[in-house]
Amino acid sequence: MRSSTGAGRPPAAAVGAAAVVAVVLAALLVWSLRPSGTSVPSDFGTRPRAQEPVTGVSSGVLDDASGEGKTSGPASEPTALRVPRVSLEARVQDVGVRNDGTVEVPDDAEQAGWYRFGPAPGASAGSAVLIGHVDDRTGDLGAFAKLYGVRKGDAVTVARGDATPVRYEVTAREVVDKDRLPDDVFRRHGRPVLTLITCAPPYDREHGGYQRNLLVYAVPAG
Amino acid sequence: MTNRIRKTAAATAGACALSLAVSVPASAESAAQEDGKASVSVFHGVPGLTVDVFANGNELLPDFKPGTLTEPQPLDPGTYDIKIFPDGEGPDGTPAIQKSVDVPAGANATLAAHLDAQGNPTLTAFVNDTSEVPAGQARLTVRHVAAAPAVDVRAGGKPIVRDLTNPHEKSLEVPAGTVNADVVLAGTDTVAIGPADLDLAEGTSTVVYAWGSAKDKNLALKTQTIGGMNSAPNGVDAGESGAMASDNESATAWLAWSAAGAVAVAGLLAARRMRARGD
């Protein structure tokens with residue numbers, strides 16, 4: 001009889017251990033259920049601006065002043081992108097916009113798309129934009145997943161159809177909410193820059209997948 | 001998500017349109033409009049008549065030939081008394097066309113000297129829409145300034161503008177690219193002008209003037225291109241499966257479930273031990 005009452009009242013140590021385990025378990029569950037964002041790489045550098053901020057002139061004037069060379073004949077189209085240090089190699093095709101107004105992205109995650117309505121790599125002004133999938137439907141990582149590993153100073157080369165390759169040097173990387181892409185990304189005037197775009201976690205299937213964009217900026221190598 | 005993007009885009013477009021209406025259009029000609037000046041070009045669409053154009057008594061354009069369109073010029077806003085004389089007859093003779101034209105501050109406008117539907121010379125001031133167009137799109141505006149009845153404009157054989165009459169215009173946004181366009185008598189397949197290839201570049205506005213006279217069989221097209229209306233796309237969806245995110249997700253989930261398993265095992269053991277002690 002005594003033993004049965006003893007079993008009904010577990011020792012204090014057992015209660016304490018159970019509490020600790022419960023807390024740890026709860027913490028782990030909360031951690032696993034929150035949107036995963038821990039694999040987002042860190043930002044570095046500053047986004048190259050159209051002009052040095054010192055000029056302080058309104059954008060209307062900038063458009064005019066620096067827009068001179070932007071339509072000087074058809075630029076040579078990019079055919080391939082290489083970032084040797086991170087073994088990124090991708091063929092490049094030209095892309096436009098989808099019906100929903102977002103940029104087309106090549107289905108093949110091993111390929112990159114060049115936003116053909118903007119400047120081409122090697123153009124004298126503006127942001128040349130290359131886009132690639134970070135992963136594909138089967139769960140394999142895309143070529144642009146390697147952008148997660150780039151560092152300041154990495155060499156970037158864009159091969160072109162009928163012109164010499166253009167060489168760039170990585171200067172900055174940032175992660176932004178995908179509905180808050182900086183206006184500068186698609187600018188067609190100002191100092192030339194190569195902008196590489198892919199997707200970044202968190203991933204939310206209910207809300208269109210990846211919630212952020214990873215942007216890598218490279219300027220022409222001197 | 002798609003809905004949200006659309007709404008955001010619509011709101012952005014609305015805001016842009018408003019600001020453009022009250023201040024500086026984001027056009028390539030905006031330098032002229034920085035100080036409130038209008039940017040005005042002039043189109044001469046009266047066949048067979050070389051003219052001199054005077055504005056408020058000052059000669060604006062000498063020896064202006066039919067079919068010519070001037071580069072945009074900065075003009076102070078205000079009301080202008082425009083007189084158009086046959087070459088060398090101004091400014092004291094009888095003008096071929098005389099009209100008072102209101103030029104709004106900051107406007108991008110085209111003055112068109114042309115024939116009315118009956119074939120009499122007249123002048124019409126058109127305001128050019130320089131609001132942004134969505135990424136991938138181009139704006140196409142058609143202006144009927146010919147001595148001709150109502151027309152339809154077709155692209156690739158399909159009507160895109162119907163029943164347009166002199167001196168009116170119609171404007172639409174179309175996917176950028178080259179279209180094969182012609183002008184037919186309204187509601188018919190009778191081609192009046194064309195066909196002609198129109199290169200509608202992304203982020204630009206192409207204005208097409210149908211001018212001349214049907215009776216004199218000199219109907220023609222003149223195009224004017226205005227740039228700088230491009231806008232950024234709505235975003236970049238460059239991922240599919242979530243593989244880049246799920247590395248961590250699955251790792252933490254695995255940790256959580258294995259912790260849960262460990263607790264279950266521990267609980268089982270503890271219960272057994274207690275029962276053993278009780279027995």
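Two strands count as paired if DSSP finds at least two bridges between them. The exercises below apply this criterion to a predicted model.

**Exercise 1.** Determine which strands of chain B form the open sheet, in what order, and which of them stand at the edges.

*Solution.* 
Step 1. The open sheet of chain B contains 4 strands, arranged in the order β12-β9-β15-β16, and its pairing is mixed.
Step 2. The edges are taken by β12 (169–175) and β16 (220–226) of chain B; each has a single partner strand, so one side of each lacks a neighbour in the sheet.
Step 3. On average, and with direction ignored, neighbouring strands of this sheet are turned by 20 degrees against each other.

**Exercise 2.** Trace the pairing of β5 in chain A with β1 and with β6, giving a residue pair for each.

*Solution.* 
Step 1. Strand β1 (residues 78–83) and strand β5 (residues 155–160) of chain A are antiparallel and share 4 bridges.
Step 2. In this pairing A:Leu81 lies opposite A:Val158 of β5(A).
Step 3. β5(A) also pairs with strand β6 (residues 166–177) of chain A, in the antiparallel sense and over 4 bridges.
Step 4. Here A:Thr157 has A:Arg167 in β6(A) as its bridge partner.

Note on methods:
Residues are numbered from 1 along each chain as its sequence is written. Chains are lettered from A and ligands numbered from 1 in the order in which they are written. This is a predicted model: local features need pLDDT of at least 70, side-chain atom pairs count only at pLDDT 80 or more; totals for chains, interfaces and linings use all residues. Helices (H or I, at least four residues) and strands (E, at least two) are DSSP runs, numbered from the N terminus. Axes are lines fitted to C-alpha atoms, for helices over the stretch in contact, and angles run from 0 to 180 degrees between N-to-C directions.
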